[in-house]
Amino acid sequence: MDLFIAIFTGTIIAATPLIFAALGELVVEKSGVLNLGIEGMMLMGAALAFWAVTAGYSMPVAILAGALAGAATSLLFGVLALTFLTNQYAAGLALAIFGSGVSAFLGRGFGSEPIEALHRVNIPVLSDLPLIGPMLFRFDAMVYLALVMFVAISWFLYRTKAGLVLRTIGESPQTSHAIGYPVIRIRYAAVLFGGAMAGLAGAYLSVAYTPLWVENMTAGKGWIALALVVFATWRPLRILLGAWLFGGMTILQLQGQALGLEVPSELLSALPYLATIIVLVLISRDRQMLALHFPASLAKPFRPAS
Amino acid sequence: MHPRLELRSICKRYPGVVANDDVSLSIQPGEIHAVLGENGAGKSTLMKIIYGAAQADSGEIYCDGNPIAAHNPAVSRALGIEMVYQHFALFESVSVVENIALSASSAFHLPTLAEKIRNLSMRYGMPIDPHRQVHDLSVGERQRVEIVRCLLQAPKLLILDEPTSVLTPQAVVKLFETLRQLAAEGCSIVYISHKLDEVQELCDTATVLRNGKVTGTARPKETTSLELARMMVGSKLPEMHVSPPVPSEKPVLEVNGLSVKARDHFGVDLKNVSFNVHGGEIVGLAGVSGNGQAELVALLSGERTHDRGDAIRICGIDAARLRPNERRKLGIAFVPEERLGRGAVPSHTLWENAVLTAHRFGTVRNGLVDRRKAKAFATGIIDRFKVKANGAQSIAQSLSGGNLQKFIVGREIALKPKLFLVSQPTWGVDVGASAFIRQTIIDLSRAGAAVLVVSEELDELFEICDRLLVICQGKVSAPLIRTTTDREEIGLLMTGRGMSEGASANGSGDIVLQD
Amino acid sequence: MRVAAPILATILTVVVGSIFFASLGHDPLATLYAFFVEPLSSMNGLSEWLLKASPLILIACGLAVGFRANVWNIGAEGQFTMGAIAASGVGLFWPNPESVLLLPLMFVAGMGAGMAWAAIPAFLRARMNTNEILVTLMMTYIATLFLSYLVHGPWRDPAGFNYPQTALLPAAALLQSFDPAYRLNSSIFITVAAVILMWLFTDRSFLGYKMSVSGAAPLAARYAGFRESAAVWIGLLAGGAAAGIAGMAEAAGPLGQLSPQISPGYGFAAIIVAFIGRLNAFGIVLGGLLMSLLFLGGEGVQMTLGLPSAMTRIFQGFLLFFLLAADFFIFYRVRLVRPIRDAHALETAR
């Protein structure tokens with residue numbers, strides 16, 4: 001039973017950074033922009049948040065610093081992709097490389113000591129319930145924040161006018177521009193939001209999950225988040241489910257020994273990447289379903305005609 | 001009383017082109033005012049200036065006597081000026097009411113807005129369901145959505161840009177009724193068109209544009225078509241030379257019971273399509289856009305293949321399973337509707353674009369592209385078809401629409417086709433080039449080639465075709481002889497009525513155009 | 001015009017780099033000298049420069065073939081790794097370690113493994129419509145883990161003091177240096193051949209022409225009857241082959257054995273090289289030389305000034321950013337003053 005609870009809670013926790021990053025990317029892609037640089041933004045968020053903690057700032061400030069670092073990094077991409085109309089694939093790749101370099105540079109003085117991790121909440125009564133307490137009510141606050149973001153983003157996209165505007169810009173920026181919406185400005189907002197969410201994801205890794213600083217500590221999670229958005233066919237609920245699936249995969253790898261699996265640890269480590277490929281294949285075959293929610297202008301540069 | 005809208009000496013130039021040159025006009029409340037002119041005369045630019053989507057370089061705009069200083073679409077809407085674009089500003093992936101909510105100034109409450117849409121659309125005799133997804137709507141229905149969107153703002157001035165180019169003749173009648181009702185209620189209407197008969201039927205006044213200048217103002221109902229046409233086109237109208245067809249004995253193209261499911265729900269199913277095209281004749285395929293033309297054309301060209309080989313036969317050979325390059329070996333040549341990106345690679349030079357389909361004409365040897373041959377080939381086309389370009393080195397997208405079309409038509413004709421398939425041959429092409437392209441097509445057919453022309457412009461089809469087919473909801477009618485049919489009959493077929501098996505198959509024919 | 005943007009980007013990178021150094025309290029001129037000049041001021045430096053440029057150029061040539069057709073293989077790092085693994089496997093376990101066939105066999109094995117690793121995303125994209133960006137990248141992680149498994153497990157050198165590395169390759173499996181004092185070896189000729197082949201393919205061949213049509217206008221390619229799947233296969237296999245050969249040359253050259261870190265990021269850096277080279281064979285040569293200098297300079301300042309090696313990645317990022325931005329200014333300026341087109345575009349757009 002303890003093992004089950006460990007796997008369950010481990011899954012939820014491992015999924016949390018993916019939820020942040022993938023939801024952020026969802027908003028970006030819904031506006032018709034493809035930012036491949038999640039990995040770089042996450043690393044910047046992780047580095048800055050970790051630095052803030054070691055510099056003696058409080059946890060909330062550190063996490064905010066992570067979000068701001070992610071947003072600031074995404075601004076570089078925004079300028080290239082939105083103002084300079086560059087190839088979004090290339091700009092995103094550049095961001096991934098750049099973010100990994102800058103974060104490694106910043107992080108050279110961090111040392112290898114872990115810090116005190118973000119505290120788990122302790123809700124009176126609820127946290128003490130048998131089974132349900134340890135399963136649902138003893139996470140740190142960011143786990144709950146991720147779920148709140150899920151609800152907020154779903155509501156925003158499908159229940160508000162601003163969300164409608166964002167989605168329709170993703171379909172046809174030309175038409176949105178003709179109706180009179182500031183396409184570029186809205187896309188900038190989406191990119192910055194995506195950056196902040198990636199920053200949160202990174203911050204979660206360095207101050208709550210690990211909690212220490214290692215160069216390139218995201219280890220491909222940014223790319224998996226990107227795959228999750230495709231896997232989810234651009235729908236928030238599926239992102240949540242997908243993130244839990246991948247979280248479970250990660251935990252399987254960590255708990256592999258405890259479960260008595262006699263396989264090389266590298267194979268278990270490869271599981272999330274393998275699963276990403278398999279899931280992508282399964283999803284991509286159904287072109288019709290992809291087309292239904294796919295932002296039609298994704299990755300196409302847009303310049304408003306004067 | 002002040003006019004509803006007044007333009008004084010509007011000038012607008014784009015680099016290299018003067019789009020509007022000293023244009024003045026004045027529109028009274030409740031007046032239906034035509035802006036008449038050929039493609040490229042500067043009508044669309046003028047409308048964008050009125051609506052504020054483009055800024056004039058000089059000149060003034062007055063609305064109800066007040067000058068408009070800084071102009072943009074938001075100002076227009078605040079003043080009660082609304083515009084229905086020729087290519088609709090609608091989003092496919094969301095519903096009618098969501099589309100309208102995007103441009104509505106009211107609070108974001110969809111149920112209330114949906115109710116308003118229902119009421120308003122009923123009142124003007126063009127019912128629409130606010131909760132349908134736009135990708136499910138026909139072109140005619142989409143236009144209704146656009147108009148209702150404008151009407152919701154209770155406009156004082158409504159601008160319509162070529163509104164009938166996508167409608168059947170019957171739907172046009174319906175639209176005119178609505179517009180007259182609006183004008184009677186005091187709304188001014190600016191009606192942009194190049195169709196004389198419509199302007200004469202509907203409009204009170206007409207301002208005629210040519211090369212960006214006003215060439216005259218007229219009361220169309222009191223002016224002859226000839227006079228209006230002179231103002232529009234200038235001194236002389238080009239004339240076609242059409243000799244009677246001499247069809248070959250055996251058909252060059254045979255389509256037998258071709259049925260295909262649409263790729264996705266944006267497409268149209270083709271249902272049991274059968275027809276023949278003989279050498280020496282031109283067959284036209286008429287129909288409102290989005291009724292299966294794109295699917296049929298892709299199947300004929302080989303861009304899509306079909307499992308049953310004999311569903312399409314070219315020169316007596318089963319061809320439905322063959323790819324485009326294999327079909328070209330059988331003697332097919334094809335001019336697609338989209339010039340840039342399909343018929344030609346925009347960023348490539350003309351000689352590179354010549355290699356695209358003419359790679360069997362000595363331009364490729366031993367797997368290598370022979371640049372000298374390719375350039376000579378392209379230069380030949382440029383000379384023969386009078387393409388205005390800086391030689392074979394020009395980049396395709398630097399050419400005007402008409403010149404690029406001449407190049408593509410020229411390239412395909414240089415393949416010496418036995419079967420020539422051409423889609424929207426003169427879309428967005430100026431008058432001179434249109435006449436040239438049409439004459440070229442006629443000459444090709446009279447030299448023995450089989451020609452299939454797909455076009456949404458009935459005028460064009462009546463001008464050059466020997467036989468006509470009509471496509472509606474993926475069904476193709478029996479052929480009609482051009483000299484014994486008329487627009488009325490074609491128009492009925494375009495709505496799906498009068499199609500022998502067609503109408504009964506799904507209860508009624510008005511899914512495409514509910515009028 | 002095509003040259004202006006890379007040059008501008010290089011200058012901007014150097015300028016920003018010196019500001020960056022200055023802000024860290026280093027004399028910018030001295031640092032720039034240490035970064036860009038010192039590495040080239042000795043024979044050994046020149047040898048190292050070409051040695052590192054060689055795989056970058058080789059891989060970038062292969063990748064550019066795909067990029068021209070809009071096939072985004074960003075997993076060259078993984079294909080490189082697999083190439084190195086397969087070639088080393090042959091070198092280590094071939095029954096006759098003195099065979100003259102050993103090197104050719106390793107070459108074939110490396111190329112084949114790189115191609116096989118790229119064939120998976122090619123198949124998935126061509127047949128299953130699966131995004132090759134994500135698949136090639138995931139395959140890179142898997143390749144790295146596979147390498148880690150081999151050197152920690154079955155292929156670990158029993159006499160290696162428990163270090164995660166294989167035994168040294170036999171002498172017949174090594175590419176000989178031109179001069180025992182320096183590491184530069186004959187693999188540079190493979191790169192030269194690849195550059196010429198790439199130029200011939202992209203600039204002169206009909207197949208290359210078809211690929212460029214596929215990339216520039218997919219609908220035109222379909223209209224002409226060029227198979228999209230062919231472009232996908234060729235694009236990915238070219239990159240896989242090049243990366244696999246580069247991996248073989250690295251294992252059989254400077255490394256001489258397998259260890260968990262066999263690539264200092266050649267596969268990713270080559271993407272930037274391909275872009276800086278404008279996807280053009282000779283541009284790639286210059287881009288590769290520049291990128292190689294960045295690697296050397298990064299190592300140089302790490303040793304002499306104690307700056308972290310992450311500098312290299314920061315410079316790479318800057319270089320690509322500036323290149324993309326410079327493109328905009330040069331390209332769109334030109335486009336804005338080119339008349340006719342815009343007006344016509346406007347007319348036809350409405």
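Colleague: What should I know before I start?

Modeller: This is a predicted model: local features need pLDDT of at least 70, side-chain atom pairs count only at pLDDT 80 or more, and totals for chains, interfaces and linings use all residues. Residues are numbered from 1 along each chain as its sequence is written, while chains are lettered from A and ligands numbered from 1 in the order in which they are written.

Colleague: Let's start with chain C. How many helices and strands does it have?

Modeller: Chain C has 14 helices and zero strands. Helices (H or I, at least four residues) and strands (E, at least two) are DSSP runs, numbered from the N terminus.

Colleague: And how compact is chain C?

Modeller: Its radius of gyration is 22 Å, close to the 20 Å that the globule rule gives for 350 residues, so chain C is as compact as a globular protein of that length. The radius is taken over C-alpha atoms, and the rule is 2.2 Å times the number of residues to the power 0.38. Along its principal axes, the C-alpha trace of chain C spans about 75 × 55 × 30 Å.

Colleague: What share of chain C is buried?

Modeller: Buried residues are 57% of the 350. A residue is buried if 20 or more other C-beta atoms lie within 10 Å of its own, exposed if 12 or fewer, and partly exposed in between, with C-beta atoms placed from the backbone.

Colleague: Pick one helix. Why is helix 3 of chain C called largely enclosed?

Modeller: In helix 3 of chain C, 19 of the 26 residues are buried, so the rest of the structure largely encloses it.

Colleague: What follows helix 3 of chain C?

Modeller: C:Asn70 follows, with a positive phi near 65 degrees.

Colleague: What about chains A and B?

Modeller: There, 12 residues of chain A are in contact with 14 residues of chain B. Helix 7 of chain A gives the largest share of the chain A side, five residues. That side has five nonpolar, five polar and two charged residues.

Colleague: On to chain B. Which domains is it divided into?

Modeller: Domain 1 (5-233), domain 2 (238-331 + 419-515) and domain 3 (340-416). The bounds come from an automatic or database domain assignment. The C-alpha centres of domains 1 and 2 of chain B lie 32 Å apart.

Colleague: Is strand 8 of chain B mostly covered or exposed?

Modeller: Mostly covered: six of the six residues in strand 8 (188-193) are buried. One side has B:Ser188, B:Val190 and B:Ile192, and the other has B:Ile189, B:Tyr191 and B:Ser193.

Colleague: Which strands is strand 8 of chain B joined to?

Modeller: Strand 3 (residues 32-36) runs parallel to strand 8 and is joined to it by five bridges. Strand 7 (residues 157-161) is also parallel to strand 8, with five bridges between them. Two strands pair if DSSP finds at least two bridges between them. B:His33 stands opposite B:Val190, and B:Leu160 has B:Tyr191 as its bridge partner.

Technical notes
Contact = placed C-beta atoms within 7 Å. Nonpolar A, V, L, I, M, F, W, Y, C, P; charged D, E, K, R; others polar.
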